[in-house]
Amino acid sequence: MNDSNKPKSLLLEEIKRLRKELTDVKLTTEKRTTELYNSEERFSLAMRGANDGLWDWNIESDKVYYSPRWKSMLGYDENELDNTINTWAILVHPDDKDRVLEKVQDYLAGRTNLFETEMRLQHKDGRSIFVLSRGFLVTRESDGKPVRMVGTHTDITQRKKAEVFNDKNAEILEMIAIGCPAPGIYDAIALMYEGRHPGLRCSMLELHGNKLLLGGAPSLPKAYCNAVHGLKYGPSVGSCGTSTYTGKRVVVENIETDPRWEKFKHITLSHGMRCCWSEPIKNSGGKVLGAFCMYYNYPALPNDEESNDLKSAARLAGIVMERDQAQKRIQTLAYTDKLTGLASRTYFYQHLEGLIKASARHHHRFGLLYINLDNFKDVNDGLGHYAGDLLLKTIARRLESTCRDIDFIARLGGDEFCILAKEIDDGCAINVAQRCLDAISQPIEIATRKLIPACSIGIARYPYDGKDLTTLVKAAGTSLYAAKKNGKNQYTFYKPELTRKAERLFQVEQYLREAIEKQQLSLVYQPQVNINTGKIVGVEALSRWHHPLLGQVPPTDFIATAERIGMIKPLTEWVLSTACSQAVAWKKGGSSGLRMSVNISPSHFLDKEIVPLIKHTLDKTGMDQTELELEVTESVVQTDKRNLSIFQDLKNLGILLAIDDFGTGYSSFSSLKHLKVDYLKIDKYFVDDMLVDRKSLLLIGSMIEMGHMLGYGIIVEGVEASNQLNTLKNLGCETAQGYLFSKPVNANEISKLLNTRYGCLSGDLAQRK
């Protein structure tokens, strides 16, 4: 049944129902509209109370309602801005625009649940205002298309400025902590406070003595900075000079009229500055280090924030200045030798590195003079360290007066000095070295004693002797060692063969310690023959060292090395024990009365342990003490009570004592009368020339006669020819030693020779069984 067939009453009822539904819909819509209007009104009132700006954007028409607070936030009156989206597009910062629009689209498209972002908007006066923008969608079309969006702007400029300020402050503290240079930190401090107060310009001045030196002023004109740099502080020297002088804050509202600026205002006013506030910068102890200054281009007094910032800026700059001064003190300590005031070892190496790089770049030459005082230890030991320090200071002053201004002088430590002489050839290097020798050798009186210092100098040349620091210093040190070895008080140029010798010496030193500890050395023996009977009456024990890599190492090399590295004592102990044990073995084999001679180094002989060592060796080996002879050089033949007591203690044991190399040392004959020795050993030096040089013959004859008169036996070394032996016999010498009888040989060969009797027949040496 269709609608036309319905009863009329039913149609009327349907019409009434539809009318009611339409009425209900209309009432609901009106209610919702009223509720929405009331809600928006309450939201607007809330925003006014919260001091936020309200915006209402019709997305379809791009019309935007900007509340009065929204506009006043940017410095505009209510009617100064168009109510379109283009107003926002013009005012938003270009760097923020695309980012904000992207966030809006994400929100409208449902990709995010909320819209909230920060942006910068341009104020009417040109500065940027930071705002926090929040918004929400109010209505959509039936198809879901957004229609209207409402939101707020909150001014967060102060918060952002505080965040930026805190970040900058943290960066500056980090710069201080990691040791950035002070000028860069000063500029960062100035810029941080200038950013906090638009129109402000800052400077920091360091106080050096009574002068103000510019530390940092990134925004001030260079001409003004140059004008104030170096000004003396005082009670009427502008704001900064006065504050550093008084140690108190100085606030000048108007530079043009303030009397403290009378002499300097023309400098400031010409660059547009009209007021200046200065806070003294102090260290943790309250000492004034400088001043922090604030300038504006108009007369003004600081407000509370500016006043607090002036104080905090000065404190921050004070941290930098105090750190910088501490670093300079540390650098001075590290780079300056405390005793002499010369450059230190650290500074020398740093300077040498720089000089090598510069010389390589510009193809320049320079010389390195390595200087070491001769016998400086004697001054310290004899006169004390105070006298040694006075001598080192004097030497430093003499070197400074000798060298050119372009030369670099350093004390490496102890009695070692170095000079870097720039742009010189060999002739100039010689001149510099000779001037140093002459200057150092001038007499000096210390502790009422007149001293004549001397030095040895090793010279290395860049780039010929080395192109890097290590090689060059090594070359200079090697040549210095050669100068010492050649007699001291001279200079020596580096030669490659010196390095080869030095390297071998290093190898000797490296392997000798192990050789001594593992007893890898051997002993040979050279006979001592009674000239009248031809019988072997004694042997001298001599150490030898053959190394699998170094080969045969001369005793002159390894004994001196043992002295230097502190191994002479264990070496001597081994020699004594081995020699005494061998003497006992020969005696058991029937060779009685044979004297065993062992050399003792001067340093070991004067050691308090030498007497107990000899006694222990005799007890351990069973050696007859009357058959052990100890040889010492003339350097220990002195009247020092300590030396005399050691000689006496050894004689009390029954030991024989001999003065070795007699006549070549520095002892006086008068010293001999105090010593209880048994033999004088005359050195080969006199024997070599006695047949051709009358003076040598007279000297050796006099020594033999004098020795006999003092009750000493005479042993002459280095006898190599029969005519030498005959001459010595005629001079009254009783014992001879040398290649004429035998080279130093091993114990087995000596055993074969012990029954040999040497004699002189018709000028020829013969052996008789």
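The buried residues of helix 5 (residues 157–177) are Thr157, Lys160, Phe165, Ile172 and Ile176, where buried means under 20% relative accessible area with a 1.4 Å probe and protein chains only. Viewed down the axis of helix 5, these residues fall within an arc of 155°, so they line one face of the helix; the arc is that of the directions from the helix axis to the C-beta atoms. This is a predicted model, in which local features need pLDDT of at least 70, side-chain atom pairs count only at pLDDT 80 or more, and totals for chains, interfaces and linings use all residues. Residues are numbered from 1 along each chain as its sequence is written, and side-chain values use heavy atoms, without hydrogens and water.

Helices (H or I, at least four residues) and strands (E, at least two) are DSSP runs numbered from the N terminus. The elements below are among those that cover the buried residues of helix 5, contact being heavy atoms within 4.5 Å.

| Covering element | Residues |
|---|---|
| Strand 3 | 115–122 |
| Strand 4 | 128–140 |
| Strand 5 | 146–155 |
| Helix 6 | 182–196 |
| Helix 10 | 304–335 |

Just after helix 5, Gly179 adopts a positive phi of about 85°.

Elsewhere, five strands form an open sheet with mixed pairing, in the order 13-14-12-17-18; strands pair if DSSP finds at least two bridges between them. Its edge strands, strand 13 (408–413) and strand 18 (491–493), each pair on one side only. Strand 13 pairs with strand 14 (residues 416–422) in the antiparallel sense over five bridges, and Arg411 stands opposite Phe417 in strand 14.

Notes. The expected span of a helix is 1.5 Å times one less than its number of residues. Buried means under 20% relative accessible area, exposed over 50%, partly exposed in between (1.4 Å probe, protein chains only).
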